[in-house]
Amino acid sequence: MVAYTQQELVSATELSKQFGEYISKVKNGLLNKIGILKNNKLNAVILSVEEYERMSLAVMELEELKLYETIENRLQTPKTEYLQGEDVLKNLGLSLDN
């Protein structure tokens, strides 16, 4: 769970009243993020464009790393353990004829 300082939490009502001010704080780096509370529960987060893009890139890189690791692991599988496509379809109750 991500920690928030008191300054980084704001009610949805307060945010609606001072939206421009809060956006400026995030845009100018005065706040890293703003957690938006509704009924005292965290519902959403406002981030700068740069932070959002950085996080999106990190997620993509992690997904690519997982894919790479999966491929590497599969390349280590001996050919004697390979499954034939027809056997896989049969086990799933499928056929190429249907």
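Two strands count as paired here if DSSP finds at least two bridges between them, with helices (H or I, at least four residues) and strands (E, at least two) taken as DSSP runs numbered from the N terminus. With that in hand, look at K38: its bridge partner in strand 3 is K41.

Before going on, a word about the model. It is predicted, so local features need pLDDT of at least 70 and side-chain atom pairs count only at pLDDT 80 or more, while totals for chains, interfaces and linings use all residues. Residues are numbered from 1 along each chain as its sequence is written, and side-chain values use heavy atoms, with hydrogens and water left out.

Now the layout. The protein has four helices and three strands, and from the N terminus the elements go β-α-α-β-β-α-α. The three strands make an open sheet in the order 1-2-3, with mixed pairing. Strand 1 and strand 3 are the edges, each pairing on one side only. From one strand to the next, the twist averages 35 degrees (axes are lines fitted to C-alpha atoms, for helices over the stretch in contact, and angles run from 0 to 180 degrees between N-to-C directions).

Take the two pairings in turn. Strand 1 and strand 2 (residues 33-38) run parallel and are joined by three bridges; V10 has I36 as its bridge partner in strand 2. Strand 2 and strand 3 (residues 41-47) run antiparallel, with six bridges between them. K33 sits opposite L47 in strand 3. These two strands form a hairpin with two residues between them, and N39 in the turn has a positive phi of about 55 degrees.

Helix 2 lies across strand 1, strand 2 and strand 3, at about 60 degrees to strand 3. What makes up the largest nonpolar core? It's a set of eight residues: V10, L15, Y22, V26, L31, I34, I36 and I46. Helix 2 (19-27) and strand 2 each supply at least two residues of this core. A core of this kind is a set of buried Ala, Val, Leu, Ile, Met, Phe, Trp, Tyr and Cys residues joined through side-chain atoms within 4.5 Å. In soluble globular proteins, nonpolar side chains tend to be buried together. V26 is in contact (heavy atoms within 4.5 Å) with L31, I34, I46, L47 and S48, leaving aside neighbours within four places in sequence.

Then there's E8, in the segment before strand 1 (9-11). Is E8 buried or exposed? E8 counts as buried because its relative accessibility is 7%, and the cut-offs are under 20% relative accessible area for buried, over 50% for exposed and partly exposed in between (1.4 Å probe, protein chains only). The E8 side chain makes a polar contact of 3.1 Å with the side chain of K33. Such a contact is a pair of N or O atoms within 3.5 Å; within protein, one must be able to donate a hydrogen and the other to accept it, and residues adjacent in sequence count only if both atoms are side-chain atoms.

Finally, the overall dimensions. The C-alpha atoms fill a box of roughly 65 × 30 × 25 Å along the principal axes. Of the 98 residues, 12% count as buried.
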